[in-house]
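Visitor: Please show me the model, and then let us discuss it by question and answer.

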Amino acid sequence: MTRRNGPLALVFHAAFIAFILAPLVVVCLVAFTPEAYLSIPTTRWSLRWFKAIWGSDFIPAFWISVYVAAAAASLALLVSVPAAIATARFQFPGREALVAYFLSPLMVPHVVLGVALLRFMAEVGLTANAFGLIMGHVVIIMPFTLRLALAALAGMDRHVEWAAGSLGASDLTVFRRVTLPIILPGLAGGWLLAFIQSFDELTMTVFVASPGTTTLPVRMFQYITDNIDPMVAAISAALIGLAILLMAVMERVYGLERLLAGKGGD
Amino acid sequence: MAFLEVQGLVKHYGSTPAVDGVDFTVERGEFLSLLGPSGCGKSTTLMAIAGFIEPTSGRIAIDGRDMAAVKPNRRNIGIVFQSFALFPHMTVTENVAFGLEMRRVAAADRANRVADALQLVRLDAFADRYPKQLSGGQQQRVALARALVIRPDLLLLDEPMSSLDAKLRDEMRVEIRDIQRRVAITTILVTHDQTEALLMADRVAVMDRGRIQCIGPPHEVYEKPGSAFVSNFLGRTNLIAAEIIARSPGRLRLAVAGVEIEAVGEATGERTTLSIRPERVAFGEQGLPGRVESCLFMGGQWMYRVATQAGELVVLRPNEGGAPLATGASVHLAWPAAAAHIVHD
Ligand SMILES: Nc1ncnc2c1ncn2[C@@H]1O[C@H](COP(=O)(O)OP(=O)(O)O)[C@@H](O)[C@H]1O
Ligand SMILES: [Mg+2]
């Protein structure tokens with residue numbers, strides 16, 4: 001059944017979408033200013049601030065972010081899949097508690113995590129170390145990979161695994177040939193969400209990052225505390241462009257909705 | 001010794017029993033159907049035989065070999081699940097070939113056997129499709145081919161027909177029955193549909209609340225149900241309260257609402273319950289007096305509801321071309337002594 005929206009609802013939706021999009025639009029416009037201060041270009045457009053990014057230390061920070069996010073998302077996924085299988089497929093005491101524990105970083109403020117991690121890493125000697133930073137991100141993004149892995153497993157017919165078993169497949173073969181291919185779209189969605197979360201993370205990272213491991217959000221944050229110029233706007237616009245490009249590619253290859261809904265199977 | 005032996009099978013979930021002491025045997029090549037209402041423990045019994053559910057207690061042996069320590073993938077059992085459980089990411093051919101791959105059958109031999117299996121279920125034209133590109137009936141036949149191609153010792157069918165529409169279901173019943181006969185494979189069919197159980201199986205086991213209530217060839221179980229549950233579940237029946245007047249071995253004289261009748265069976269006490277199938281009741285000059293309440297035309301038969309002192313009885317009479325009895329007509333109901341069975345509840 002489809003019902004048409006009334007005029008009031010249409011106005012509301014339009015206002016809502018405008019509210020979400022307006023800041024992004026403003027940032028993208030500011031990025032093209034020829035001036036040395038934040039302004040929306042009216043008469044002239046310029047790529048000057050995009051050129052300025054090139055050769056700045058934002059580029060290495062960007063790569064550090066990509067590297068940290070990819071490593072953290074992959075590690076989180078690697079831990080999540082066995083954890084999801086154990087909790088979705090087997091009954092054991094403390095099962096609920098384990099899931100709640102893995103999902104708990106969602107509830108802890110990142111500031112608190114940042115302080116705690118800083119202290120902890122100082123104790124075990126992991127400061128100024130990319131590994132420490134990645135592990136911190138794993139903790140934060142684990143709920144996303146786990147949730148999507150659990151959803152993919154829950155959406156899968158148990159009997160499909162049994163059918164494979166009855167046909168002679170060992171547990172490992174069942175996982176490799178049947179379970180994994182079926183839940184793969186869900187896992188990919190989880191990885192993507194986790195990557196975005198990690199890439200975006202500032203609050204906790206500020207505490208843990210060291211000069212060698214300054215991620216892009218941290219670098220941008222440091223930059224705007226000293227300077228107000230359209231450079232950060234240009235970086236933001238470039239990131240938005242990159243995100244749109246990635247989404248378009250993903251849509252072509254997989255179908256985004258399927259990926260982010262975390263559905264397995266068909 | 002029977003090919004499959006199930007002895008004292010019990011499965012508890014928490015403290016509630018899903019299967020509560022099930023014993024039966026299946027001979028080599030035999031077709032047994034496990035019939036019972038939803039939730040009575042049929043699937044649990046089947047999955048215990050397949051090895052996916054660990055019994056709380058009891059023994060399962062195939063060909064004399066105890067299965068307790070044998071993993072599901074070593075039991076050589078073919079299963080067709082209610083949901084068909086096809087591998088969605090594999091084509092029809094890949095689905096059917098999976099079991100042969102696991103058995104390391106050489107590629108050429110594998111291709112031949114897959115082709116034969118697909119031909120058996122008349123799906124050769126669909127070999128390269130994916131499951132979601134097939135209709136329900138076709139998916140079911142893929143599942144059947146996949147289970148049969150490994151030449152299993154035992155074929156387990158868990159309500160395979162329940163997601164098909166009525167016409168297709170009728171066709172598949174006959175088809176599965178034919179295939180089972182042709183490849184002579186020992187088969188257990190789980191179903192909650194009594195027509196299906198009677199139609200397809202060599203023997204029927206009726207289950208209720210985790211137990212087998214009665215087991216035997218379809219016509220015997222139908223004719224001599226033994227309990228009120230079985231007689232009601234297996235087709236329609238009339239249950240009538242009766243007083244016992246006299247007994248002789250295997251036979252009873254009874255009074256039903258003041259009318260004296262005979263029945264087969266044994267009973268203790270003064271009162272008992274009779275089961276009489278609607279198609280065995282006839283209209284006559286003498287017998288239990290009643291009044292026709294309604295009359296429904298069913299094509300081959302007329303179904304009457306007749307109000308009597310013993311309650312409302314259903315009577316099925318063959319359609320012989322004439323007009324039916326009018327509603328409100330006074331009638332007498334009679335049946336042969338052998339059609340009245342003592343049942344226990
Ligand atoms: N994994 C389970 N956990 C708890 N109870 C279960 C489980 N599986 C089945 N049961 C219960 O056991 C009973 C028998 O189930 P089942 O064998 O599936 O019945 P059927 O196949 O005859 O419909 C049902 O009451 C069901 O609720
Ligand atoms: Mg069932």
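Guide: Helices (H or I, at least four residues) and strands (E, at least two) are DSSP runs, numbered from the N terminus. This is a predicted model, in which local features need pLDDT of at least 70 and side-chain atom pairs count only at pLDDT 80 or more, while totals for chains, interfaces and linings use all residues. Residues are numbered from 1 along each chain as its sequence is written, chains are lettered from A and ligands numbered from 1 in the order in which they are written, and side-chain values use heavy atoms, with hydrogens and water left out.

Visitor: How many helices and strands does chain B have?

Guide: The C-alpha atoms of chain B fill a box of roughly 75 × 45 × 35 Å along the principal axes. The secondary structure of this chain amounts to eight helices and 20 strands.

Visitor: How many helices and strands are there in chain A?

Guide: Along the principal axes, a box of roughly 70 × 60 × 30 Å holds the C-alpha atoms of chain A. Its pattern along the sequence reads α-α-α-α-α-α-α-α-α-α-α-α. The count for chain A is therefore zero strands and twelve helices.

Visitor: What percentage of the residues in chain A is buried?

Guide: Buried means under 20% relative accessible area, exposed over 50%, and partly exposed in between (1.4 Å probe, protein chains only). In chain B, with 345 residues, the buried share is 51%. For the 266 residues in chain A, the buried share is 40%.

Visitor: Which residues of α5(A) are exposed on the other side from the buried ones?

Guide: The buried residues of α5(A) are Leu113(A), Gly114(A), Leu117(A) and Met121(A). They lie on the same side of α5(A) because they cover an arc of only 100 degrees around the axis, the arc being that of the directions from the helix axis to the C-beta atoms. On the other side of α5(A), the exposed residues are Arg119(A) and Glu123(A).

Visitor: How far apart are the end C-alpha atoms of helix α5 of chain A?

Guide: The expected span of a helix is 1.5 Å times one less than its number of residues. Helix α5 (residues 110-124) of chain A has 15 residues, so it should span 21 Å. The computed separation of its end C-alpha atoms agrees with this, at 20 Å.

Visitor: Which residues are around ligand 1?

Guide: A residue is near a molecule or strand if one of its heavy atoms lies within 4 Å of it. By class, the shell around ligand 1 has four nonpolar, five polar and one charged residues; Ala, Val, Leu, Ile, Met, Phe, Trp, Tyr, Cys and Pro count as nonpolar, Asp, Glu, Lys and Arg as charged, and the others, Gly among them, as polar. The largest share of this shell, three residues, comes from helix α1 (residues 42-50) of chain B. The residues around the ligand are Tyr13(B), Ala18(B), Pro37(B), Ser38(B), Gly39(B), Cys40(B), Gly41(B), Lys42(B), Ser43(B) and Thr44(B).

Visitor: What percentage of the area of ligand 1 does the protein bury?

Guide: A polar contact is a pair of N or O atoms within 3.5 Å; within protein, one must be able to donate a hydrogen and the other to accept it, and residues adjacent in sequence count only if both atoms are side-chain atoms. Oxygen atoms of ligand 1 lie 2.6 Å from a polar backbone atom of Gly39(B), 2.8 Å from a backbone N or O atom of Lys42(B), and 2.4 Å from a side-chain N or O atom of Thr44(B). Taken alone, ligand 1 exposes 560 Å² (accessible areas come from the Shrake-Rupley method with a 1.4 Å probe; for residues, only the protein chains shown count as cover). Of that area, the protein buries 54%.

Visitor: What is the phi of Asp63(B)?

Guide: Most residues other than glycine have a negative phi. Asp63(B) is found in the loop between β4 (57-62) and β5 of chain B, and is partly exposed, with a relative accessible area of 47%. Its phi is a positive value, near 55 degrees.

Visitor: Is Ala184(B) buried or exposed?

Guide: Ala184(B) is placed in the loop between α5 (166-183) and β8 (186-191) of chain B. Its phi is positive, near 50 degrees. With a relative accessibility of 51%, Ala184(B) counts as exposed.

Visitor: How far apart are the C-alpha atoms of Trp335(B) and Ile261(B)?

Guide: Trp335(B) lies in the loop between β19 (330-334) and β20 (340-343) of chain B, and counts as buried at 13% relative accessibility. Trp335(B) and Ile261(B) are 74 residues apart along the chain, and their C-alpha atoms are separated by 9.0 Å.
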